[in-house]
Amino acid sequence: MTKKAVGFGREVLVEICDYLMNQEDEALGCEERCIIALLYAAVGRDGEVSFTTWNSARWDKAREHLAFDWGEKKKGAQYLMTFHPDSTDWRVDVIHALACYVLCGQGGGKAPTSPQESGVHWLFGSYVGMAEGGAASKVSRILEKCRNGGVDGVPADSNSHSVRVGATDDMIFNHMVSVFAAIARGGWDFKADSTLFHYFTQELHVSQGGKALANWSNPNMHVSAPTLKAITDENDDVERFCKALFASADIPGINSELVDVRNVMVATLLRYFDDVYNEMKKGRDSLLILTLHNAAIACEIDFGTIRDWGKEVKEDFITKNAQNFGNSTGSDSERISKALTILQESCSNLHERQKRQEALIKTLLKKSENQDDRMDKMTKLLETVLTNQACMSSGIDTLIHQLCPPSAPSPTHPSKKRKASTPEVAAATAATTPADANEASTTSTTSIKTVDEKLTAPKRTIRWETLLRGMPCDQFVQEVMWCNVTFHADHFLPLPATAMRTDSKERKEKLRKLRLDGMEEVAEGEEKHIFL
């Protein structure tokens with residue numbers, strides 16, 4: 001008599017997947033965990049994973065499940081296999097396991113190795129082309145490693161077939177799963193069924209068994225999958241993040257034909273983000289978290305934003321499936337009571353989020369008002385500066401016109417301008433008698449004395465920051481001489497009297513001579529520029 005394998009239930013499966021994900025070689029752990037989780041969810045035989053391809057993957061939008069064409073080697077046939085999001089635990093969630101395998105376990109489709117396989121991309125490339133019984137032996141070694149690593153509940157005589165046995169028991173012991181649904185999920189022959197009946201109801205019964213294995217309270221109810229629609233309203237960052245995350249995935253059509261499959265994998269990763277972050281032994285340094293972090297950095301997205309996305313996706317998922325959580329053995333009233341509790345918590349969280357958003361809006365409005373006030377003040381200040389500048393420019397023009405009046409052409413030489421002269425010099429020139437000339441000379445001497453007195457007159461305050469901009473050198477010197485303002489000859493800037501050097505008499509004398517010479521040249525009408 002042949003001894004059948006001893007199976008194990010969902011609780012042991014959770015521990016197995018947790019052990020595999022936390023082993024030292026994380027990439028290998030992602031692959032092995034995906035193999036075990038997929039075999040359990042498909043109630044599959046060990047070698048059947050080697051016949052699954054990405055070419056047959058598709059997302060059913062109406063029923064919200066992932067579907068593959070599942071190859072059955074024993075009967076040489078393929079049939080539909082559906083995979084559903086788990087109700088509570090990320091470790092046995094098949095969609096999460098597939099996403100981790102693709103991103104961290106080199107889970108891209110294996111390229112075809114023969115002309116017959118042209119265009120085929122295998123789901124598990126390392127299991128393709130193995131000798132008879134090779135895949136089964138490989139799965140058996142994974143279970144043995146878990147048992148030796150201290151995972152409780154793995155039978156001593158378990159092998160690859162134990163996964164199929166345990167999944168079948170979990171379906172049969174769920175009173176809401178029909179026998180026919182368990183048979184359809186496991187791919188067994190049912191001699192009494194009608195072929196037409198089988199065609200009409202296969203997907204219904206296969207998915208019913210899949211939802212039962214995903215721990216949903218009522219597998220006959222619709223189950224909504226995690227979706228990015230909770231965060232993608234006018235948000236281009238989500239699409240950039242998805243593309244960056246799967247940039248190195250060697251899966252044809254991952255951003256086109258399989259974009260729905262990609263999106264549900266990203267939504268599932270976000271849904272379980274906090275759980276993985278807190279429950280993985282390496283925490284933030286785990287391979288999966290680092291992969292998500294690197295994709296966020298590539299898109300210039302804050303890591304806190306990824307966590308916020310995960311909370312929104314998770315809350316949306318829980319709200320949509322509120323009435324289907326709980327134990328399958330519970331009554332309808334218990335399930336409804338749990339749904340009400342979930343909805344109450346969801347409403348409370350929504351209220352808290354609304355309050356935080358309102359507080360944020362008030363803060364932003366206050367900052368905006370402060371910015372408006374500052375802009376008004378700056379505008380008024382700018383208007384004042386422009387007004388003062390216009391007045392100062394007008395004053396400078398008047399001052400320059402007074403200091404440097406335009407000269408008229410000489411009557412004898414029209415091409416030359418007549419030298420400017422003071423009224424006193426003109427009077428002396430126009431004198432017709434010696435007495436008149438003497439009087440004019442006396443008036444001229446008095447004028448020069450008056451100019452000398454002006455040089456020692458009290459100093460005036462000048463707005464140098466306005467006068468220095470764009471003023472020619474000769475005009476600047478004349479302004480300095482007129483106002484009797486001391487200045488730094490080297491840097492062309494005004495210098496306070498207390499800061500002047502008192503030990504250089506020669507320098508003072510030069511400055512005084514410069515003033516006198518400049519005034520004399522202006523008085524004589526000389527038209528040459530004075531430079532320091």
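Visitor: Which residues of H3 are buried?
Guide: A residue is called buried when its relative accessible area is under 20%. In this predicted model, the buried residues of H3 are Val94, Ile95, His96, Ala97, Leu98, Ala99, Cys100, Tyr101, Val102, Leu103 and Cys104. Helix H3 spans residues 94–104, and eleven of its eleven residues are buried, so by the cut-off of under 20% the helix is mostly covered.

Visitor: What does a side-chain oxygen of aspartate 93 reach at the start of H3?
Guide: The backbone nitrogen of isoleucine 95 lies within 3.0 Å of that aspartate 93 oxygen. Isoleucine 95 is itself among the buried residues of the helix.

Visitor: Is leucine 340 buried or exposed?
Guide: The opposite label, exposed, requires a relative accessible area over 50%. Leucine 340 counts as exposed because its relative accessibility is 54%. This leucine belongs to helix H13, which covers residues 332–403.

Visitor: Which residues make the nonpolar surface patch?
Guide: Ile336, Leu340 and Leu343 make a patch of about 280 Å².

Visitor: How many helices and strands does the chain have?
Guide: There are 18 helices and five strands. The chain has 532 residues, of which 43% count as buried. Its accessible surface comes to about 29,800 Å², and carbon and sulfur atoms account for 53% of that area.

Visitor: What percentage of contacts between residues at least 6 apart in sequence join residues at least 24 apart?
Guide: For this chain, the share is 66%.

Note on methods:
Residues numbered from 1 in each chain as written. Predicted model: local features only at pLDDT ≥ 70, side-chain atom pairs only at ≥ 80, totals over all residues. Heavy atoms only, no water. Buried < 20%, exposed > 50% of the residue type's maximum accessible area, 1.4 Å probe, protein only. Helix = DSSP H or I, 4+ residues; strand = E, 2+ residues; numbered from the N terminus. Polar contact = N/O pair within 3.5 Å; in protein donor to acceptor, adjacent residues only side chain to side chain. Patch = residues over 30% accessible without salt bridge, like charges linked within 9 Å, V, L, I, M, F, W, Y side chains within 5 Å. Areas by Shrake-Rupley, 256 points an atom, 1.4 Å probe, with all protein chains shown as cover. Salt bridge = Lys/Arg side-chain N within 4 Å of Asp/Glu carboxyl O. Contact = heavy atoms within 4.5 Å.
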